[in-house]
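Take a look at the model below.

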Amino acid sequence: MAKAYWIARVDVRDLERYKDYVAAGKLAFDKYGANFLARGGAITELEGKSRARNVVIEFPSMQHAVDCYNSPEYQIAAKIRQEIADAEMVVVEGM
């Protein structure tokens, strides 16, 4: 079974409340076997417009990744994030 990855590009407007998002999301991430590979950190812009925060999260499978996003636990966190940040998120299947 191929692993899958959330790739999120985020501009946070309220860093204090973003901590609430991270705390709320932990329940879902733990439940679905998330492994953070990149969480913020330095970037080098190569092409196009970047966002301030870039996150890569590994999941055991595509199903785990999609189920995590759609879970009631993550949707609580997502509502917080959507109020205080602009983001693009995709799930990519690994090889």
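Which residue in strand 4 is the bridge partner of Ile7? The partner is Val90. Keep in mind that this is a predicted model.

Ile7 has a bridge partner in strand 3 as well, namely Val56.

| Strand pair | Sense | Bridges | Partner of Ile7 |
|---|---|---|---|
| Strand 1 (residues 4-12) and strand 3 (residues 53-59) | antiparallel | seven bridges | Val56 |
| Strand 1 and strand 4 (residues 85-93) | antiparallel | nine bridges | Val90 |

Now turn to helix 1. At its start, a side-chain oxygen of Asp14 comes to within 3.2 Å of the backbone nitrogen of Glu16. Helix 1 covers residues 15-31, which is 17 residues. At 1.5 Å a residue, helix 1 should span 24 Å. Still, helix 1 bends by about 35 degrees at Gly25.

Gly25 is also one of the buried residues of helix 1. What covers them? The cover includes strand 1, strand 2 (35-39) and strand 3. Helix 2 (62-70) and helix 3 (72-84) belong to the cover too. After helix 1 comes Gly33, with a positive phi near 75 degrees.

Finally, the wider view. The UniProt record, an unreviewed entry, lists residues 3-95 as "domain: DUF1330". Over residues 3-95, the chain is 42% helix and 32% strand. The end C-alpha atoms of this stretch are 7 Å apart.

Methods
Residues numbered from 1 in each chain as written. Predicted model: local features only at pLDDT ≥ 70, side-chain atom pairs only at ≥ 80, totals over all residues. Heavy atoms only, no water. UniProt positions renumbered as here; feature names shortened; annotations may be inferred. Helix = DSSP H or I, 4+ residues; strand = E, 2+ residues; numbered from the N terminus. Pairing = 2+ DSSP bridges. Expected span 1.5 Å × (residues − 1). Bend = angle between axes of the 7 residues up to and from the residue. Buried < 20%, exposed > 50% of the residue type's maximum accessible area, 1.4 Å probe, protein only. Contact = heavy atoms within 4.5 Å. Polar contact = N/O pair within 3.5 Å; in protein donor to acceptor, adjacent residues only side chain to side chain.
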